[in-house]
Amino acid sequence: MSSKRDQVLVIDPPVELTFQGPFQSAVTSSMKLRNPSERKVCFKIKTTAPKRYCVKPNSGVVDPSSEVQIAVSLQPFEYDPAEKNKHKFMVQSMFAPNGEIDQDMLWKDADPNEMMDSKLKCVFVMPPGAEQNNVAEAKHVYADHKPTHQAEQPSKAGDDQLGIAVQEI
């Protein structure tokens, strides 16, 4: 088994993508992909919940020493505090080949040893005072629920499963 390459792109934010509620209408968060290298880098963004997000652009090229701004829109939904850390994003990247770049063929023919990826989890945050609306029933339902450390910490098995479960946007 070969080890994956380290991610060349600098991703901001690096670990969590935060969405600020209320969630009755679409909420947008953004991320920046910065390429500190001297080579072009192709990227593709995937998620475990493709029907819930709109990502623009969801693939492309980051030129050397430049950056690309990504807009991630969360579609309207009924907020459930138990769901807040289940969605994940994966930023896949690889150094661009010379010449014309066909994004579809590039990813189909990609050598897994040349690919780099970074995972970000989604965090849903309700503004103070707005929580009563969406969370009142949820607090009642979860009153006896004791949070466990397992639920808060992504497991290693969960990371392995992410690669399998991730779908293209």
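Biologist: What makes Glu114 and Arg5 a salt bridge?

Modeller: Their closest N and O atoms are 3.1 Å apart. A salt bridge needs a side-chain nitrogen of Lys or Arg within 4 Å of a carboxyl oxygen of Asp or Glu, so the pair gets the name. Keep in mind that this is a predicted model, where local features need pLDDT of at least 70, side-chain atom pairs count only at pLDDT 80 or more, and totals for chains, interfaces and linings use all residues. Residues are numbered from 1 along each chain as its sequence is written, and side-chain values use heavy atoms, with hydrogens and water left out.

Biologist: What does the Glu114 and Arg5 pair tie together?

Modeller: Parts that are 109 residues apart in sequence, because Glu114 sits in the loop between α1 (103–108) and β9 (116–125), while Arg5 is in the segment before β1 (10–12). Those helices (H or I, at least four residues) and strands (E, at least two) are DSSP runs, numbered from the N terminus.

Biologist: How many salt bridges turn up in the whole structure?

Modeller: Three. Glu16 pairs with Lys121 at 3.7 Å between the closest N and O atoms. That one links strand β2 (residues 16–20) to strand β9, 105 residues apart. Asp117 also pairs with Lys119, again with closest N and O atoms 3.7 Å apart.

Biologist: Why is Lys121 called buried?

Modeller: Its relative accessibility is 18%. Buried means under 20% relative accessible area, exposed over 50%, partly exposed in between (1.4 Å probe, protein chains only), so Lys121 counts as buried.

Biologist: And what is Glu16 called?

Modeller: Partly exposed, because its relative accessible area is 34%.
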